[in-house]
Amino acid sequence: MRESVQAEVMMSFLVSEELSFRIPVELRYESSDPYAVRLTFHLPGDAPVTWAFGRELLIDGVGRPCGEGDVRVTPVDPDALGEVLIRLQVGNDQALFKSSTAPLVAFLDRTDKLVPLGQEGSLADFDAHLDEALDRILAEQGAG
């Protein structure tokens, strides 16, 4: 059984209203972490940056504004599923990306074939991975 889905999408990195440039973004979904998608941004001159957030946030954000806090996904025009804005924020710093909706929907369709939406919790080893991750986080906090 295939364990992951990957795609590369070209997105516009919107630096300001006057300045933007296109960058490759790798999309990745793994059945071992069935609730999350990972986007790796390949910015010129910098090391790649990966953000992980809920798959459902990306699914919902294609059609309506979604997200609170660090990640927000919003259609440019909710009546025409042409483009999506993805806003990533850490503190006062933020980055804004624009993508065509079609490759995102195609990627999300492939993730749904791997793990249907709503069936994430049925993966037998998910709870074990969650327990391991929580144990590791607690051990790191105890050591720190």
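Visitor: Which residues touch the most other members of the largest nonpolar core?

Guide: Met11, Leu27, Leu39, Phe41 and Phe97 do, in a core of 31 residues. Strand β1 gives the largest share of this core, 5 residues.

Visitor: What makes a set of residues a nonpolar core?

Guide: The members must be buried Ala, Val, Leu, Ile, Met, Phe, Trp, Tyr or Cys, joined through side-chain atoms within 4.5 Å. Buried means under 20% relative accessible area, exposed means over 50%, and partly exposed is in between, with a 1.4 Å probe and protein chains only. In soluble globular proteins, nonpolar side chains tend to be buried together.

Visitor: What sort of model is this, and how are its residues numbered?

Guide: It's a predicted model, where local features need pLDDT of at least 70 and side-chain atom pairs count only at pLDDT 80 or more, while totals for chains, interfaces and linings use all residues. Numbering starts from 1 along each chain as its sequence is written, and side-chain values use heavy atoms, with hydrogens and water left out.

Visitor: What does methionine 11 touch?

Guide: Contact means heavy atoms within 4.5 Å. Not counting residues up to four places away in sequence, methionine 11 touches Phe21, Arg22, Ile23, Val25, Leu27, Leu39, Phe41, Ile86, Phe97, Lys98, Ser99 and Leu104.

Visitor: Why is serine 12 called buried?

Guide: Serine 12 has 14% relative accessibility, and the cut-off for buried is under 20%, so the word applies. This serine lies in strand β1, residues 4–14. Beyond its neighbours within four places in sequence, serine 12 is in contact with Phe21, Arg22, Leu96, Phe97 and Lys98.

Visitor: How many helices and strands does the chain have?

Guide: There are 3 helices and 7 strands, in the pattern β-β-β-β-α-β-β-β-α-α along the sequence. These are DSSP runs numbered from the N terminus: helices are H or I with at least four residues, strands are E with at least two.

Visitor: How do you know that β1 and β2 pair?

Guide: Two strands pair if DSSP finds at least two bridges between them. β1 and β2 have 11 and run antiparallel, so they pass. Alanine 7 stands opposite leucine 27 in β2, and a hairpin joins the two strands through 5 residues.

Visitor: What makes β1 and β7 a pair?

Guide: They have 2 bridges, and the rule asks for at least two, so they qualify. Phenylalanine 13 has phenylalanine 97 as its bridge partner in β7. β7 (residues 93–100) is also joined to β6 (residues 83–90), by 8 bridges and in the antiparallel sense; there, isoleucine 86 stands opposite phenylalanine 97.

Visitor: In what order do the strands sit in the sheet?

Guide: The 7 strands form an open sheet in the order β4-β3-β2-β1-β7-β6-β5, with antiparallel pairing. β4 and β5 (71–75) stand at the edges, each with a single partner strand, so one side of each has no neighbour in the sheet. Neighbouring strands are turned by 30° against each other on average, direction ignored.

Visitor: What lies across the sheet's strands?

Guide: Helix α2 (residues 101–114) lies across β1, β2, β3, β6 and β7, running at about 160° to β1. Axes are lines fitted to C-alpha atoms, for helices over the stretch in contact, with angles from 0 to 180 degrees between N-to-C directions.

Visitor: Why is strand β3 called mostly covered?

Guide: In β3 (residues 36–41), 5 of its 6 residues are buried. One of the buried residues is threonine 40 in β3, with a relative accessible area of 12%, under the 20% cut-off.
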